[in-house]
Amino acid sequence: QAFHCDEPASRQLACAPLFISLLTYEVFYGLGEEDLTTEFQPSEDQRLKSINYHGSLVAQHLLRFEQPTPVLHSLAAMPPGDCVQLACDPVGSHVLDAIFTSSTVADKQRRRIVRKFTGQFARLACDRHGSRVLDQIWSVASVQTKRTIAEEL
């Protein structure tokens with residue numbers, strides 16, 4: 001409720017970027033008072049402008065909860081550009097580390113997140129923090145995904 005992403009239910013898909021940037025729904029999307037009840041409309045536009053240290057910690061801890069599904073669905077709904085930005089950020093990369101190391105995140109959910117990086121593996125490999133995320137992806141990837149990564153690199 002603090003981030004204004006609980007109602008309407010469609011806004012729950014927007015919760016991860018809000019937690020990571022430590023901004024409310026209205027501030028993050030630049031909405032006014034009249035837009036308080038608007039539905040969330042996913043977009044491919046890159047919107048994640050800032051990654052907050054404490055917001056990253058909130059997201060990491062939420063991913064270690066017994067049921068991290070709402071946060072995972074929200075991360076999977078993020079545009080690929082935002083996922084790459086998160087992976088290449090010094091504090092944001094730890095959110096993705098939490099996905100790949102958490103015992104409460106299912107393999108199917110991890111694969112959904114990994115697919116966000118298809119076509120961006122070389123960019124991750126060339127970044128100081130992104131390369132750490134790529135190492136984590138490699139450690140949990142299937143043989144087919146490893147083949148895709150190797151071809152791209």
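A crossing of two helices is left-handed if the near helix is turned anticlockwise from the far one by less than a right angle, and right-handed if clockwise. In this structure, the crossing of α6 and α9 is left-handed. The structure is a predicted model, in which local features need pLDDT of at least 70 and side-chain atom pairs count only at pLDDT 80 or more, while totals for chains, interfaces and linings use all residues. Residues are numbered from 1 along each chain as its sequence is written, and side-chain values use heavy atoms, with hydrogens and water left out.

**Overall make-up**
- The protein has ten helices and zero strands; helices (H or I, at least four residues) and strands (E, at least two) are DSSP runs, numbered from the N terminus.
- Of the 153 residues in the protein, 42% are buried (buried means under 20% relative accessible area, exposed over 50%, partly exposed in between, with a 1.4 Å probe and protein chains only).
- Among contacts (heavy atoms within 4.5 Å) with a separation of 6 or more, 65% join residues 24 or more positions apart.

**Helices α6 and α9**
- The axes of α6 (residues 93-101) and α9 (residues 130-140) come within 10 Å and cross at roughly 10°; axes are lines fitted to C-alpha atoms, for helices over the stretch in contact, and angles run from 0 to 180 degrees between N-to-C directions.
- That makes α6 roughly parallel to α9, since angles under 35 degrees count as roughly parallel, over 145 as roughly antiparallel, 65 to 115 as roughly perpendicular and the rest as oblique.
- From α6, Ser93, His94, Leu96, Asp97, Phe100 and Thr101 meet Arg132, Val133, Gln136, Ile137 and Val140 of α9.
- This contact of α6 with α9 has five nonpolar, four polar and two charged residues (Ala, Val, Leu, Ile, Met, Phe, Trp, Tyr, Cys and Pro count as nonpolar, Asp, Glu, Lys and Arg as charged, and the others, Gly among them, as polar).

**The largest nonpolar core**
- A nonpolar core is a set of buried Ala, Val, Leu, Ile, Met, Phe, Trp, Tyr and Cys residues joined through side-chain atoms within 4.5 Å.
- The largest one has 34 residues, of which Leu75, Leu96, Ile99, Phe117 and Ile137 touch the most other members.
- Helix α6 gives the most to this core, with five residues.
- Beyond its neighbours within four places in sequence, Leu96 is in contact with Cys83, Leu86, Ala87, Ile113, Phe117 and Val133.

**Lysine 116**
- Lys116 is in the loop between α7 and α8.
- Lys116 has a relative accessible area of 16%, so it is buried.
- Leaving out neighbours within four places in sequence, Lys116 is in contact with Leu75, Ala76, Ala77, Met78, Pro80 and Cys83.
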